[in-house]
Amino acid sequence: MKLHPRTRSIWILPLLLTGCFSEPDRPIDQYSAIAAAYEIARDLEEDYGDREMPGMTSSLALTYAKLEKPEKALEIINTLNYPHYKTNACAHIVHYYLESDRTEQATALMPTCTRYAKEVDTSASLDPASALQTLGQAAMALGDWAYADQLRARLASDMPSYGFWLGMDEVKGARALGEDQRAIEVLKELPPILAPYRDKNAGFYMKSYAEIAREYRLLGDTSTANRIMRDLVDYAVTTERYNYFSNVLLVSDLKRQQQFDLAIELIERDRDRAIEKGDRHYTTFVDAHIADVYALSGRVDEAFNRINVIKLPKVRLSGWLNSADTLNGEARYADAKRFADRAYDEVETLSEQEVSIGDLQKLAKIYAVIQPGAATSSRRKSLLDLAAVRATRAPFSPLDFSQNLRTVELYRDLSETEAADTLLDTLLTRAASAEMSSALDSALVRLARMFIEQGNSEGYQRLLSDFDLSDRTRDRLKDLEFKQQLSSGEINAALKTLKDLPERNKVWALRDTTLYLHEHEHQLDTEGKRLLASIID
């Protein structure tokens, strides 16, 4: 698509008049590129409207702020349709100024943001609430706690969840500054915000209260923290809003706060509740869940024994793997190896139906963490070989193809390049004869990204020639090419690729080009200026 005639008249004539081609060292590039991006975005507004334009326009405004053109940034913000879009864009620029130690500019911009915020209707949707939360965070960073409190009160009334999150931002900010009393005062104001969720959203209620407990614990008030977690366990197993997934998340929070006995109590009481509800899935994994808590709390022998008595082989294998992974995360590698070796023994004796390719990959990764060197490399290699055989023997499926690519990556981590290349060739040959689907499409894009990052042009060209990729997918691949070329400093190659991108992608690409040229103080050569002019035209 060509740009609207107004764009050409605005940009090409000045380029010619300034004699950019006769003065190759004239730094016209970054401003002409970002201005062209904005013109394209305006031309796209009719197609995309409020679905994408606010984010695109806000990003361009932020780019102008980074180019030290605040007046142009505000001019663009003022073209946005709704106050919450303006508020959000303005707040992000304030955050940028703060992150780059330009406090004076951030302070000067805040009144403009607060003026936009007065017009925001927080009851309309989530976007307005999110905008006020972002502005509240900026206010805190500038030390304006009173305004942050004011925004929290507005949100608590219309969008309570956002009021809670902004309150937690205040707590964390105050704690980071050593203002513990302020943090505690805000914590005391949060429970009323959560009260409505007790009977309508158990998951959010428990997760949010667990966050409050964690903050009390970090502030040194362990008795209040323990009381809250005790109450949550009782609530979790008695509420009519029973939710298996929410309770598993609560177990995770208990483990994170090292409330191991409470975690085990919740698992066991939840098991009884699950039996009442007829939820066999949960009861099947109870021993493995408890073993993982034991392992984390240092009761390794109890964890080992708990897994050892699990009757279902697949669940028992999952127990060994999860506990080994947990112990690795705690850097207790000798204990982790004990569980990993039992998992390896299981793999050697169980049937294919009881051991998934994911299990094999997970165990290989566990061994890589336990002993990165040669000590466990033979076991890692045998696990990957088994996964590779399974990958080439099973009927083709796009989801399996995506997972099997992980085996290729693990081979490369082990420096088994030949095995990796052989498996990849087999996988691609099988995939090329399969019917395209969204799952296969996504896997191929991930593979293309790997090829591009590695500079593997042969593999990349094979994807382009062997697969019937959709136009949308080919555009995504072009976008990946552009980003790799730009990050590598191949500006002219990136501009050639940019020219073939769809108009929507050009907006982001021109923005990224602008920022690269600005941040690296790079000036285009004559060829680069010619390419940029051809894109603008």
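1. Trp-508 counts as partly exposed because its relative accessibility is 25%, where buried means under 20% relative accessible area, exposed over 50% and partly exposed in between (1.4 Å probe, protein chains only). Trp-508 is placed in helix α29, residues 503–519; helices here are DSSP runs of H or I with at least four residues, numbered from the N terminus. Leaving aside residues up to four places away in sequence, Trp-508 touches Gly-55, Met-56 and Ser-59, contact meaning heavy atoms within 4.5 Å. Trp-508 and Ala-41 lie 9.5 Å apart, C-alpha to C-alpha, although 467 residues separate them in sequence.

2. On the basis of the note: this is a predicted model, in which local features need pLDDT of at least 70 and side-chain atom pairs count only at pLDDT 80 or more, while totals for chains, interfaces and linings use all residues. Residues are numbered from 1 along each chain as its sequence is written, and side-chain values use heavy atoms, with hydrogens and water left out.

3. The structure holds one disulfide, a term for a pair of cysteine sulfur atoms within 2.5 Å. Cys-90 is joined to Cys-113 with an S to S distance of 2.0 Å, and this pair links distant parts of the chain, with Cys-90 in helix α5 (residues 83–99) and Cys-113 in helix α6 (residues 103–117), 23 residues apart. The torsion about the S-S bond of Cys-90 and Cys-113 is about -85 degrees, so the disulfide is left-handed. Cys-90 counts as buried, at 0% relative accessibility, and Cys-113 is likewise buried at 0%.

4. In helix α20 (residues 333–349), the buried residues are Ala-336, Phe-339, Ala-340, Ala-343, Tyr-344, Glu-346 and Val-347. Seen down the axis of α20, its buried residues fall within an arc of 160 degrees, so they line one face of the helix; the arc is that of the directions from the helix axis to the C-beta atoms. These buried residues pack against α18 (300–308), α19 (313–329), α21 (357–370) and α22 (377–393), whereas the face turned away from the buried side carries the exposed residues Ala-334, Glu-348 and Thr-349.

5. Two charged side chains sit over rings, a description that requires NZ of Lys or CZ of Arg within 6 Å of the ring centre and within 35 degrees of the ring normal. Arg-338 lies over the face of Phe-304, at 4.2 Å from the ring centre, and the charged end of Arg-379 sits over the ring of Tyr-344, 4.1 Å from its centre. Both Phe-304 and Phe-339 are buried.

Definitions and conventions
Helix = DSSP H or I, 4+ residues; strand = E, 2+ residues; numbered from the N terminus.
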